[in-house]
Amino acid sequence: MEEYTTKNLFIATFLLCHTGIKLIGTKELNPKTKLFCFTPKTLAEKLENDYFSGASTRAKDLFNNYNTLKDLLFQRETNGGKYGTDNK
């Protein structure tokens with residue numbers, strides 16, 4: 001399975017807001033940098049282009065997913081469970 005990876009939190013947040021994209025996890029690039037891994041790669045690449053072309057998404061989804069990914073980066077726990085890889 002081909003995966004799309006990015007270290008950009010904002011792109012990852014935007015991707016996570018869209019149906020059809022699944023966050024499959026993170027990979028440590030170095031001790032200070034993690035990559036977000038998504039599938040399917042072709043859809044993620046299209047959405048990345050949409051992001052840079054000025055596409056929009058619902059603000060509520062954007063903020064919720066941003067906080068989810070930040071928590072995942074720093075391995076914070078909220079309400080007794082880790083945020084993670086579940087998507088719509």
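This report describes the fold, the sheet, the helices and several individual residues of one predicted protein model.

Because the model is predicted, local features need pLDDT of at least 70 and side-chain atom pairs count only at pLDDT 80 or more, whereas totals for chains, interfaces and linings use all residues. Residues are numbered from 1 along each chain as its sequence is written, and side-chain values use heavy atoms, with hydrogens and water left out.

**Overall fold**

The protein chain contains three helices and five strands, where helices (H or I, at least four residues) and strands (E, at least two) are DSSP runs numbered from the N terminus. Along the sequence these elements follow the pattern β-α-β-β-α-α-β-β. Of the 88 residues, 31% count as buried, a class that means under 20% relative accessible area, with exposed meaning over 50% and partly exposed in between (1.4 Å probe, protein chains only). The chain exposes about 5700 Å², of which carbon and sulfur atoms supply 50%, the areas coming from the Shrake-Rupley method with a 1.4 Å probe. Among contacts (heavy atoms within 4.5 Å) with a separation of 6 or more, residues 24 or more positions apart account for 63%.

**The sheet and the helix across it**

Three strands form an open sheet in the order S1-S3-S2, and the pairing is antiparallel; two strands pair if DSSP finds at least two bridges between them. Strand S1 (4–6) and strand S2 (22–30) stand at the edges with a single partner strand each, so one side of each is left without a neighbour in the sheet. Neighbouring strands of this sheet are turned by 30° against each other on average, direction ignored. S1 pairs with strand S3 (residues 33–39) in the antiparallel sense over three bridges, and Tyr 4 stands opposite Phe 38 in S3. Helix H3 (residues 59–73) lies across S2 and S3 and runs at about 130° to S3, where axes are lines fitted to C-alpha atoms, for helices over the stretch in contact, and angles run from 0 to 180 degrees between N-to-C directions.

Helix H2 (residues 41–52) has 12 residues and reaches 17 Å from its first C-alpha to its last, close to the 16 Å expected at 1.5 Å a residue; the expected span is 1.5 Å times one less than the number of residues. Just after H2, Gly 54 takes a positive phi of about 95°. Most residues other than glycine have a negative phi, and most peptide bonds are trans.

**Aromatic rings and selected residues**

Rings of Phe, Tyr and Trp (its six-membered ring) pair if their centres lie within 6.5 Å, and planes under 30 degrees apart count as stacked, over 60 as edge-to-face and the rest as tilted. By this rule the count comes to three aromatic pairs. Tyr 51 and Phe 52 form an edge-to-face pair at 5.1 Å centre to centre, with 80° between the planes. Ring pairs link Phe 14, Tyr 51 and Phe 52 into a cluster.

Thr 13 is found in helix H1 (residues 9–16) and, leaving aside its neighbours within four places in sequence, is in contact with Leu 62, Asn 65, Tyr 66 and Leu 69. Lys 70 is found in helix H3, and its C-alpha atom is separated by 7.9 Å from that of Leu 9, 61 residues apart along the chain.

| Residue | Relative accessible area | Class |
|---|---|---|
| Thr 13 | 2% | buried |
| Lys 70 | 24% | partly exposed |
| Tyr 51 | 28% | partly exposed |
| Phe 52 | 58% | exposed |
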